[in-house]
Amino acid sequence: MSVQVTIREEACRGCQMCVDVCPTKVFTYDDAAAKARVSGVEDCIACLSCVYLCPSMAINEAGYTAVKNFYRDLDFSRRMERFL
Amino acid sequence: MNRTNRRRSRSRRRTPPAPAVQEKEYKGHQGNTRGHHVKEMEATRTTLQETMTFMTALAYGMEQMADRGANGMAFVAGKKLGAKLAETSQKTDDITQALDTVRKLLSANHCNWGFETFKRKAQPTLITKGADGAEKLELVFRDCMIRQSLFRYGHVQKGSMCYMMYGFFSGALEAILGRRAVLEVTHAGQNACLKCLTVHSKES
Ligand code: SF4
Ligand code: SF4
């Protein structure tokens, strides 16, 4: 399944942060509507930077595999504290 | 206290062994018992996590002391490792074949560092050739242990640990292709990173 990217239009405030951050130019800016549009979803690598950055949380992605992050191991964190 | 009494008193002090914990067996969807595989995987993952977190803490410390010099040091260390691991690999002129060799090298060294080639829709070919003869292609790294370690403590990306990885790829690919290879980060994301690999021509 390929990645799907959608923008909730009513939430978009037209800041263009998604346009600037996307490394593969998935978004374009619609001047007339003052909103971002998804125009090249085929090139999305699912880096999720747009999702994290959008101040309105207007971007939604589906059909990607989320990387499993390391667990929070409190015991180990305690041992590592002195290095930080 | 004579020797026998001392031995007796020591054995009395010894704490009794903990009762054996009954491990819950994990049964897969086909009814297979895979409990030991799950345990083995968890142990390996914990070891990897602890090692990587420790390395990230060291890299962070190094960055504080040596500033940008830390990136250079990490790059050279990674490059040496890549060159060493690939020194006996079969040589080729084909970049995709060389990447496949690197992938196998990583896997043979128990390094689960997956990457895939990336072609933009508007791009006619995977590899593009510049006027200077240099060949370029993009790579996507998803499940990257460096990114996971950095996020674990909120460290920034594109630091010395990432440079170690660029070094590794440069070293390994140069050994396989016999040409200068440079891996640069185009974008460091939360769930994937996009990198550009440039392999220079033999003449340059
Ligand atoms: S970052 Fe969010 S709010 Fe800003 S233009 Fe893009 S979708 Fe709209
Ligand atoms: S996930 Fe990354 S590649 Fe995909 S649209 Fe967002 S910023 Fe672009």
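**Entry 1. Ligand 2**

Which are the residues around ligand 2? I took a residue as near a molecule if one of its heavy atoms lies within 4 Å of it. The residues around ligand 2 are Cys22(A), Pro23(A), Thr24(A), Val26(A), Phe27(A), Cys44(A), Ile45(A), Ala46(A), Cys47(A), Leu48(A), Cys50(A) and Glu61(A). I then sorted the shell around ligand 2 by class and got ten nonpolar, one polar and one charged residues. For these classes, Ala, Val, Leu, Ile, Met, Phe, Trp, Tyr, Cys and Pro count as nonpolar, Asp, Glu, Lys and Arg as charged, and the others, Gly among them, as polar.

**Entry 2. Ground rules**

I note that this is a predicted model, in which local features need pLDDT of at least 70 and side-chain atom pairs count only at pLDDT 80 or more, while totals for chains, interfaces and linings use all residues. Residues are numbered from 1 along each chain as its sequence is written, chains are lettered from A and ligands numbered from 1 in the order in which they are written, and side-chain values use heavy atoms, with hydrogens and water left out.

**Entry 3. Ligand 1**

I counted 13 residues around ligand 1, and the closest are Cys12(A), Cys15(A), Gln16(A), Cys18(A) and Cys54(A). The shell around ligand 1 divides into nine nonpolar, three polar and one charged.

I looked up Gln16(A) next. Gln16(A) sits in the loop between strand E1 (4-7) and helix H1 (17-21) of chain A. Helices (H or I, at least four residues) and strands (E, at least two) are DSSP runs, numbered from the N terminus. The phi of Gln16(A) is near 70 degrees, a positive value in a residue other than glycine. Gln16(A) is partly exposed, with a relative accessible area of 29%. Buried means under 20% relative accessible area, exposed over 50%, and partly exposed in between (1.4 Å probe, protein chains only).

Is Phe27(A) buried or exposed? Phe27(A) is buried, at a relative accessible area of 5%. It lies in strand E2 (residues 27-30) of chain A. I listed its contacts, meaning heavy atoms within 4.5 Å. The C-alpha atoms of Phe27(A) and Leu53(A) are 14 Å apart in space, and the two are 26 residues apart in sequence.

Ala34(A) is placed in the loop between E2 and strand E3 (35-38) of chain A. Ala34(A) has a positive phi of about 55 degrees although it is not a glycine. At 34% relative accessibility, Ala34(A) counts as partly exposed.

**Entry 4. Chain B as a whole**

I found six helices and five strands in chain B. Along the sequence, chain B follows the pattern α-α-α-α-β-β-β-α-α-β-β. Of the 204 residues of chain B, 38% count as buried. Among contacts in chain B between residues at least 6 apart in sequence, 62% join residues at least 24 apart.

Two packed helices are described by the angle between their axes and the distance between the axes. Axes are lines fitted to C-alpha atoms, for helices over the stretch in contact, and angles run from 0 to 180 degrees between N-to-C directions.

Helix H4 (residues 95-108) of chain B packs on helix H6 (residues 160-177) of chain B at an angle of about 120 degrees, with the axes 10 Å apart. That makes H4(B) oblique to H6(B). Angles under 35 degrees count as roughly parallel, over 145 as roughly antiparallel, 65 to 115 as roughly perpendicular and the rest as oblique. The crossing of H4(B) and H6(B) is right-handed. A crossing is right-handed if the near helix is turned clockwise from the far one by less than a right angle, and left-handed if anticlockwise. On the H4(B) side I noted residues including Ile95(B), Leu99(B) and Leu106(B), and on the H6(B) side residues including Phe168(B), Phe169(B) and Leu173(B). By class, this contact of H4(B) with H6(B) has eleven nonpolar, one polar and no charged residues.

Helix H3 (residues 69-86) of chain B also packs with H6(B), at an angle of about 35 degrees and with the axes 6 Å apart. The crossing of H3(B) and H6(B) is right-handed. Among the residues that meet are Ala74(B), Gly78(B) and Gly82(B) in H3(B) and Gly167(B), Gly171(B) and Ala175(B) in H6(B). The contact of H3(B) with H6(B) divides into 14 nonpolar, seven polar and two charged residues.

**Entry 7**

How many of the eight residues of helix H5 (residues 145-152) of chain B are buried? Seven of them are, and the helix is mostly covered. The buried residues in H5(B) include Arg147(B), Gln148(B) and Arg152(B). Just after H5(B), Gly154(B) takes a positive phi of about 70 degrees.

His200(B) is found in the segment after strand E5 (193-199) of chain B. His200(B) is buried, with a relative accessible area of 15%. Not counting residues up to four places away in sequence, His200(B) touches Ala134(B), Arg179(B), Arg180(B) and Val182(B).
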